[in-house]
Amino acid sequence: MLRRHFILLASAVAIATGIPLGANAKTPTDQLVIATNMSSMRGLDPHELNQLEAAEVVANLYERLIVLSADEITQPKPGLAESWTVSEDGKTFTFKIRSDVTFHSGNPLTAKDVEWSLRRLVKLGLAPSTDLRQWGFSAETVDSLIRASDDQTVVIETPEVWNADLILLSLASFSTSILDSVFLADKEKNGDMGREYLQTADAGSGPYSLKTWRSNELLIAEAYSDYWQGEPAMRRVILRHFPESSAQRLQIEAGDMDVATRLSSTDLAALEAGGKVEIQKTPGFGFYYLALDQKDEILSNPKVREAFRYLIDYDGLSNTVMKYYGIKQQSIIPAGLPGAISDNSYKLDIAKAKQLLTEAGYPDGFSKVYFATPVTPEFEVAQSIQANAAKAGIKLDLQGGDHIGKFRERDFEIFSARSGERLPDPHAVLASYATNKDNSDEAKLTGLLAWRSAWDVPKEIQDMVTAAAHETDKAKRTELYAQINKAYLAASPALVTSFQRTDAKAVRKEVKGYVGHSTWLTRWDTVTKGE
Amino acid sequence: MTSSQATAARSPDSSKLLSGLRKVATSLAVILTTLLGLLVITFVIGRLVPADPVIAAIGDQADQATYERVHKEMGLDRPLYVQFGAYLSDVVHLEFGQSHITKNPVASDLARVFPATIELATLATLIGAGLGVPLGVISAVRKGTWVDHLGRIVGLLGYSTPIFWLGTIVILVFYAKFGLIPGGGRIDIYNEGLVEGPSGSILLDSILAREWEVFWSALHHVVAPALILGYAAMAYLSRMSRSFMLEQLRQEYVLTARAKGLSQRSVVWRHAFRNIRVQLLTVVALAYCGLLDGTVLIETVFAWPGLGQYLTSALFFADMNAVLGSVLLIGIISIAINLLSDIVYRFIDPRTR
């Protein structure tokens with residue numbers, strides 16, 4: 001009845017207005033159209049943003065000294081720096097800058113731009129500045145530590161000796177993008193170093209330049225014809241805001257979109273079965289974790305912490321809600337990084353959990369409030385844990401909502417969420433999960449998950465994490481991380497890791513060269529399209 | 001004419017003017033109080049929302065120093081009343097602040113998204129009123145017949161069908177299955193940027209620019225969401241029209257008109273319908289106001305970049321400048337529409353003058 005009525009109405013209006021019927025059309029072969037959710041995209045200043053979708057845009061508008069290819073994510077390769085040397089003491093990095101690069105403005109890219117950009121990142125001091133500040137650079141010291149010695153040479157000195165890879169990998173992050181300092185000199189307002197201008201514009205040298213950006217609607221990037229590696233095959237890349245997963249699925253099925261980036265498990269499964277698209281699962285450097293408040297008398301008991309390990313249905317979740325979102329990984333170093341182990345020996349075992357609770361002195365269980373973010377798949381995982389905990393006698397009052405603020409303030413009992421790091425090195429994860437130099441409330445080390453959980457990480461683990469970051473010998477470093485991995489599990493951590501995150505995208509089969517990148521740097525200039 | 005006569009002649013005019021001015025002043029006071037109340041309530045609710053705007057802006061993993069710095073930059077370290085006072089002072093100077101999400105001035109964001117919603121809501125209201133009012137009138141005139149039953153069923157379905165469900169089904173059938181309508185947005189991406197006109201309505205601007213391909217593309221995109229919203233409006237308006245008409249048809253003047261031998265058409269449209277115009281205008285104005293801020297679900301389903309989507313996104317990420325600006329705009333437009341309908345009453349109903 002309803003459908004008939006609507007068809008009648010639609011037909012009447014269509015006839016009355018003479019609308020040409022027939023809407024579906026494949027995207028042109030020289031344009032890439034990406035369906036995405038832009039809700040979290042705010043501003044395009046590479047030294048300010050800290051978000052996946054915006055990072056992918058910035059990765060293509062700007063370039064960096066170092067490049068990490070998606071298939072060799074831990075191998076630093078030349079980008080804007082055609083070569084580099086590291087001094088014998090391991091503290092001085094000298095980069096030779098390419099001489100054939102021009103910005104979208106037409107200005108040549110020189111070492112002065114590199115100097116100005118890296119100093120800007122540190123001086124602005126916003127979220128992504130951690131990528132350099134964690135190695136000891138500060139607003140006060142950066143002018144002396146990062147300097148251009150001539151138009152093609154940049155010297156970077158680190159205050160301490162770090163493993164060289166940590167510095168080089170940091171210089172591949174989107175946050176270390178190089179900006180056109182001459183062009184931005186005119187755009188500065190009240191000493192903001194062009195920050196206001198760059199929210200909605202670009203000043204880069206990447207393969208694409210920004211043509212249009214309307215927040216939560218549309219972004220159009222145009223190929224940069226003078227790009228030093230040659231003009232990209234895709235004349236335009238268009239990002240369109242589709243907040244609904246089902247809408248993205250229909251669009252890519254119909255061929256109106258080439259790539260869909262935010263899809264639910266159900267839609268991903270349906271698309272995979274449809275055969276028109278390829279589902280890319282890109283591993284990320286983060287985990288789905290369960291945080292147990294260590295200021296709580298019950299939850300700080302190591303046997304209780306251990307019991308939670310047996311309340312997660314690893315295999316059941318792997319085949320269902322986590323099929324596209326995660327890979328089972330119970331140890332603390334993500335797969336693919338030095339020191340990672342694939343020993344996932346924990347299984348769902350209610351009897352074992354009950355035994356541990358009895359040994360801990362809680363044979364009848366206990367009740368706790370459990371905060372979880374009400375998004376897929378975090379909430380489904382939380383519901384599964386809640387159901388299993390109930391079988392072991394633990395009553396969890398599951399409360400969905402935005403509780404991240406309370407977690408940061410240590411105002412919680414149990415909390416679960418998903419983390420994500422951008423540095424393809426074990427240190428990035430360990431610094432947050434396994435270091436906590438001052439566990440007092442006053443220290444406010446809110447950036448660290450271990451501090452938020454009030455977990456006083458065993459000193460030997462923290463020392464090993466520090467030693468590994470400073471270790472210059474690759475083999476010794478890998479061995480150290482393997483040791484840390486085992487020690488972390490043996491410590492029955494307050495942060496229970498279950499799955500390594502993966503980001504799933506659907507890409508139409510005629511699209512080649514669009515490769516998901518673990519550090520959010522998916523390139524558009526490598527994309528080509530068949531008929 | 002003596003001076004006393006002149007004074008006597010002027011006094012009624014002066015008192016009329018005075019009374020008129022008093023009315024205007026009262027209306028202005030009511031409008032300003034309403035808008036202030038709206039801002040206060042929205043501001044308070046905004047502070048009760050658990051989302052932290054600072055974390056929304058800098059990300060979960062940022063350290064405390066960054067958090068405190070951005071917290072201060074956003075002015076959130078000041079007492080609430082100071083924040084509100086500063087906002088009011090800005091509003092008086094027509095400054096609505098910057099959106100933390102889009103990084104644009106809120107005023108320019110609203111200038112971009114509001115025309116999209118106006119375009120959709122206006123078309124939906126035209127469809128709703130154009131179909132709903134005649135349907136209601138005919139249902140009332142033919143009360144108890146199959147026409148009436150059909151009208152009521154159509155109305156009931158429109159009332160009870162969730163709009164997002166209907167939108168999803170329409171996309172599934174007419175876009176995914178038959179390819180008759182576009183899958184979302186205001187225009188084909190290949191026509192983007194060809195028309196950037198004065199009104200912000202792509203339909204109007206493309207006509208002005210004589211860009212007919214853009215016009216057809218925009219029309220093609222707006223039909224489905226406008227029809228769905230129009231259907232919901234039609235359901236409401238047909239029920240109201242039917243009820244108003246039934247009341248009029250029971251009046252004695254209708255009996256008199258029929259007794260005079262007037263034709264059915266004349267009795268219905270020239271006599272009874274004339275008397276429901278004021279009530280109808282009120283409900284059409286209300287329906288229009290409702291559509292302006294109620295298009296959010298359909299905007300989400302059809303990826304329509306309008307005010308509803310902007311406001312929802314702002315609420316999710318605690319972007320208070322954007323929320324307050326949007327609410328203020330909706331408030332102003334609602335008041336303006338009500339004022340306009342009051343003025344129109346005076347033209348169509350002499351009793352209200």
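Which residue just after α10(B) takes a positive phi? The residue is B:G261, whose phi is about 90°. Keep in mind as we go that this is a predicted model.

**Two helices of chain B**

Let us stay in chain B and turn to a helix pair. Two packed helices are described by the angle between their axes and the distance between the axes. For α6(B), residues 146-160, and α9(B), residues 212-249, the angle is about 130° and the axes are 8 Å apart. The crossing of α6(B) past α9(B) is left-handed.

On the α6(B) side, the residues that meet α9(B) are B:G151, B:G155, B:G158 and B:Y159. Their counterparts in α9(B) are B:Y231, B:A232, B:M234, B:A235, B:S238, B:R239 and B:R242. Sorted by class, this contact has five nonpolar, four polar and two charged residues.

**A sheet in chain A**

Chain A holds an open sheet of four strands, in the order β4-β5-β7-β6 with antiparallel pairing. Strands of a sheet pair through backbone hydrogen bonds, either parallel or antiparallel. Here β4(A) and β6(A) are the edge strands, each pairing on one side only. On average, neighbouring strands of the sheet are turned by 25° against each other, direction ignored.

Strands β5(A) and β7(A) pair in the antiparallel sense over five bridges. One of the residues involved is A:T92, which has A:E157 in β7(A) as its bridge partner. Helix α3(A), residues 111-124, packs on this sheet and touches β5, β6 and β7 of chain A. The direction of α3(A) makes about 175° with that of β6(A).

| β4(A) | 81-86 |
| β6(A) | 146-150 |

**Where the chains meet**

How many residues does each chain bring to the contact? Chain A gives 52 residues and chain B gives 53 residues. On the chain A side, the elements that give two or more residues are α1, β8, β9, β10, α9 and α15 of chain A. The largest share, seven residues, comes from α1(A). By class, the side of chain A that touches chain B has 21 nonpolar, 22 polar and nine charged residues.

Conventions:
Residues are numbered from 1 along each chain as its sequence is written. Chains are lettered from A and ligands numbered from 1 in the order in which they are written. This is a predicted model: local features need pLDDT of at least 70, side-chain atom pairs count only at pLDDT 80 or more; totals for chains, interfaces and linings use all residues. Two residues are in contact if their C-beta atoms, placed from the backbone, lie within 7 Å. Ala, Val, Leu, Ile, Met, Phe, Trp, Tyr, Cys and Pro count as nonpolar, Asp, Glu, Lys and Arg as charged, and the others, Gly among them, as polar. Axes are lines fitted to C-alpha atoms, for helices over the stretch in contact, and angles run from 0 to 180 degrees between N-to-C directions. A crossing is left-handed if the near helix is turned anticlockwise from the far one by less than a right angle, and right-handed if clockwise. Two strands pair if DSSP finds at least two bridges between them.
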